[in-house]
Amino acid sequence: MVENRPLLNVFSHAVLIVGVALIALPLYVAFVASTHTLETVMRTPMPLWPGDQLLENYSQVLTAGSTRGSKAAVAQMLVNSLMMALVIPLGKITISIVSAFAIVYFRFPLRMFFFWMIFVTLMLPVEVRIIPTFKVIADLGLLNTYTGLTVPLIASATATFLFRQFFMTIPDELAEAARVDGAGPMRFFRDIVLPLSKTSMAALFVIQFIYGWNQYLWPLLVTSEESMYTTVIGIKRMMVGGDAATEWQLVMATAILAMLPPALVVVLMQKWFVKGLVETEK
Amino acid sequence: MASVSFRQVRKTYGDLEVIHGVTVEIADGEFIVIVGPSGCGKSTLLRMVAGLEEITSGEIAIGERVVNRIEPAQRDIAMVFQNYALYPHMTVYENMAYGLKIAKVPRDEIEQRVQKAARILELSDYLKRKPRQLSGGQRQRVAMGRAIVRMPKVYLFDEPLSNLDAKLRAQTRLEIQKLHADLGTTSLFVTHDQVEAMTLAQRMIVMNAGVVEQVGTPEQVYLQPATTFVASFIGSPPMNLVKGVVKGDRFEFGVGSVVLPVAAPRQGPLTLGMRPEHADIVGDDPSGWRLQVEVVEMLGAERLVYGRLCGESFTLRIDAMRPAPRPGDILTLKERPEHLHWFDSDTGMRVPS
């Protein structure tokens, strides 16, 4: 559609700019707050230009956490979060690509039954099964461990379902051609299915990385030692209730730190991510 | 190279039998085309040879070896699929080399075989490309290349030309013929296109509804169709078939009767078949057949005349050099006696004259 209406252009740009500002302003304020001392932050109105405490605040949280709330170093928390955000997607992708492969390409008894079993778990979000899961993890003595943090979140119907749908779009002739070429099932999986699924895997990785990174409820339940806190939990633990004033400049610094890795992953993998969602190489 | 034998081959899906006992012997080095309308079981038959469909009963043998229970890769066959089934993430070279790599053929021999196949198929410049960077015709050639490098005993083609445009199809048809002349490998070629079938086949298998209707050279199939199905399926426009009753030297059908130029094989109800081109227009002959012209189509070298003979529709093919009949004209026809085909009206089987 070719249109040349300057007024409309101005208007639509104005709407877009306002929209971006609405979303970006809180982020900006968080950043500004993380560069001032507590006194400056608490003053009304809060300054809207970055201050000179950037290095002090960030090195403070990274090495020693807050002084009034949680005293765990955020650096350790970032490592914990990264563990979760890496192990969960990698585990999910590994397990679900194999199970989807089995469901699509093999005829075994009760195949559809198992597929529906997996599918039904889609209807059970983490929150619904969190008490029994917690009990299992606690009884296994996995509280405050990486295993306890990640394993219960790895099983994934969504990813299995997604891979199944993708495999079903791979033409049958490709599997048949591979059979005529002498490729056994696992060879076909390795040589044909895996390379074709690359973009889907990348897209899933991005989504699941953010999912793992942003987990809140589950780490809140299974971690009680400061050394096992994830960053998102750390933010919460830095806020102190009651009379003591929360050190907002440190909380905001942690929030910014918590925001960076997912943003980085999205930016770095954007090309793959979009490809995986729109393009199928067949 | 090897012969292929079908012995009472049947295929059922659940209770539904789709192939009703096929018995055909294919000689070593023959180019066989399996032709039939869609759903007749021709692809299923081919896929049973490939080992992609199980054989419900009966036997398929390649050479001396019964292959019923042998994996596709061990059957010494190569298959070209309708949609080519190229591996999208591999280059042309890797696509062709994949089967050999799995078969653990030494690397320099793979290289040599792929290069040779690429030369034959004029793909040498495209070996580093991915399939999606190729045109339809080139992809088709890669699919053939993948079959050639394996040096199989039997080539299986599953409608490999139907995704190409008309011009490319004719050209590829010639290439396949040349290739077969060079390699001399037994080939089974499935198609629903009768032109492809007629031009490529040394012998053709005409199938309908899971039954082999006729096996024979294109000439035999065209000139001596074994059933009314073959008569109407092969040839364009199809053979004129009229059901009627033979009484003495006359054949009664529709709203009248005609004089037969030669005695019918028997009296009573029969179906008469006549190719559109096997009738001559004569001036005035009391024993001639009177065709009332309805529509005339000009095809360049020839004209198709659609009309009614004793009220039944009848098609005539005449040379375009002759004066064109006009709708409403009455033409007097003289059928060539050697080209009348008789079929049993109930079974559709040919009645020898």
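The centres of domain 1 and domain 2 of chain B, taken over C-alpha atoms, are 40 Å apart. The model is predicted, and the predictor assigns the complex an ipTM of 0.81 and a pTM of 0.80.

**Overall build of chain B**

- Domain 1 of chain B covers residues 4–227, and domain 2 covers residues 240–343.
- Along the principal axes, the C-alpha atoms of chain B fill a box of roughly 80 × 45 × 35 Å.
- Eight helices and 20 strands form the secondary structure of chain B.
- Chain B has 353 residues, and 40% of them are buried.
- Taking the contacts in chain B between residues at least 6 apart in sequence, 64% join residues that are at least 24 apart.

**Confidence in chain B**

- Chain B has a mean pLDDT of 90, with 100% of its residues at 70 or more.
- Strand β3 (residues 31–35) of chain B has the highest confidence in the chain, at a mean of 94.
- Strand β15 (residues 279–282) of chain B has the lowest, at a mean of 84.

**A five-strand sheet in chain B**

- An open sheet of chain B is built from five strands in the order β13-β12-β11-β14-β20, with antiparallel pairing.
- Its edge strands are β13 (256–259) and β20 (340–343) of chain B, each of which pairs on one side only.
- On average, and with direction ignored, neighbouring strands of this sheet are turned by 40 degrees against each other.

**Strand β12(B) and its two neighbours**

- Strand β12 of chain B spans residues 250–253 and pairs with β13(B) over four bridges, in the antiparallel sense.
- Two of the residue pairs between these strands can be named: Phe253(B) has Gly256(B) of β13(B) as its bridge partner, and Arg250(B) stands opposite Val259(B) of β13(B).
- The hairpin of β12(B) and β13(B) has two residues between the strands, and Gly254(B) takes a positive phi near 55 degrees there.
- β12(B) also pairs with β11(B), again in the antiparallel sense, over three bridges.
- Here Glu252(B) of β12(B) has Val245(B) standing opposite.
- The hairpin of β11(B) and β12(B) likewise has two residues between the strands, and its Gly248(B) takes a positive phi near 65 degrees.
- Side chains alternate along β12(B): Phe251(B) and Phe253(B) point to one face and are buried.

- Most residues other than glycine have a negative phi, and most peptide bonds are trans.
- Gln8(B) has a positive phi, near 50 degrees, and is not a glycine.
- Gln8(B) belongs to strand β1 (residues 4–13) of chain B.
- Gln8(B) has 11 C-beta neighbours inside 10 Å and therefore counts as exposed, the limit for this class being 12 or fewer.
- Glu159(B), also not a glycine, has a positive phi of about 45 degrees.
- Glu159(B) sits in the loop between β7 (154–158) and α5 (166–183) of chain B.
- Glu159(B) is buried because 20 other C-beta atoms lie within 10 Å, and burial requires 20 or more.
- The peptide bond from Ser236(B) to Pro237(B) is cis, and its omega is near -5 degrees.
- Pro237(B) lies in the loop between α8 (228–233) and β11 (240–247) of chain B.

**Contact between chain A and chain B**

- Chain A contributes 16 residues that are in contact with 16 residues of chain B.
- On the side of chain A that touches chain B, α9 (172–180) and α10 (185–196) of chain A each supply at least two residues.
- α9(A) gives the largest share of that side, six residues.
- By class, the side of chain A that touches chain B consists of eight nonpolar, one polar and seven charged residues.

Notes: Residues numbered from 1 in each chain as written. Chains lettered and ligands numbered in written order. Contact = placed C-beta atoms within 7 Å. Nonpolar A, V, L, I, M, F, W, Y, C, P; charged D, E, K, R; others polar. pLDDT = per-residue confidence, 0-100. Pairing = 2+ DSSP bridges. Axes fitted to C-alpha atoms, helices over the stretch in contact; angles between N-to-C directions. Domains from an automatic or database assignment.
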